[in-house]
Amino acid sequence: GASSVVAVDIDENSVKNAQENAAANGVTIDVRLGANVPQGTYSLIMANIHRNILLAQMADYARTLNIGGELWLSGFYEADCPTLIAAATAQGLQHTATRQNGEWRMLTFAKR
């Protein structure tokens, strides 16, 4: 139901695969090769990357997230959660949930 989607990956094969999957499903996705948060503003940002990159990009997530938007972070362990929550909170984001799948964790935040 999104009006537009921008996807970014550092792996060229992942970009190609995302483009092929979008075409096979009849949807349009702007898939880009890169490592940075794209310019623009977003209602939902999902990042599945390890802790150090999430921390390095936290200010960019907060800056590009719309008021009322959500940030979903995954790809890290329980021990990383306090550090990520503190970094997001320092950027004005509100922690709304923690989810787990085995050893992996996912944090969600809202920008109020």
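**View 1. Arg105 and its salt bridge with Glu78.** Arg105 is buried, at 12% relative accessibility (buried, under 20% relative accessible area; exposed, over 50%; partly exposed, in between; 1.4 Å probe, protein chains only). The closest N and O atoms of the two residues are 2.7 Å apart (salt bridge: a side-chain nitrogen of Lys or Arg within 4 Å of a carboxyl oxygen of Asp or Glu). The pair links distant parts of the chain, with Arg105 in strand β6 (residues 104-110) and Glu78 in the loop between β4 (65-77) and α3 (81-90), 27 residues apart (helices, H or I, at least four residues, and strands, E, at least two, are DSSP runs numbered from the N terminus). The model is predicted: local features need pLDDT of at least 70 and side-chain atom pairs pLDDT 80 or more, whereas totals for chains, interfaces and linings use all residues. Residues are numbered from 1 along each chain as its sequence is written, and side-chain values use heavy atoms, without hydrogens and water.

**View 2. The salt bridge between Asp60 and Arg63.** The N to O distance is 3.0 Å. Because these residues lie 3 apart in helix α2, about one helical turn separates them. Asp60 is partly exposed at 27% relative accessibility, as is Arg63 at 44%.

**View 3. The salt bridge between Arg32 and Asp30.** The side chains meet at 2.7 Å, N to O. Arg32 is partly exposed, with a relative accessible area of 33%, and Asp30 is likewise partly exposed at 33%. A search of the whole structure finds 4 salt bridges.
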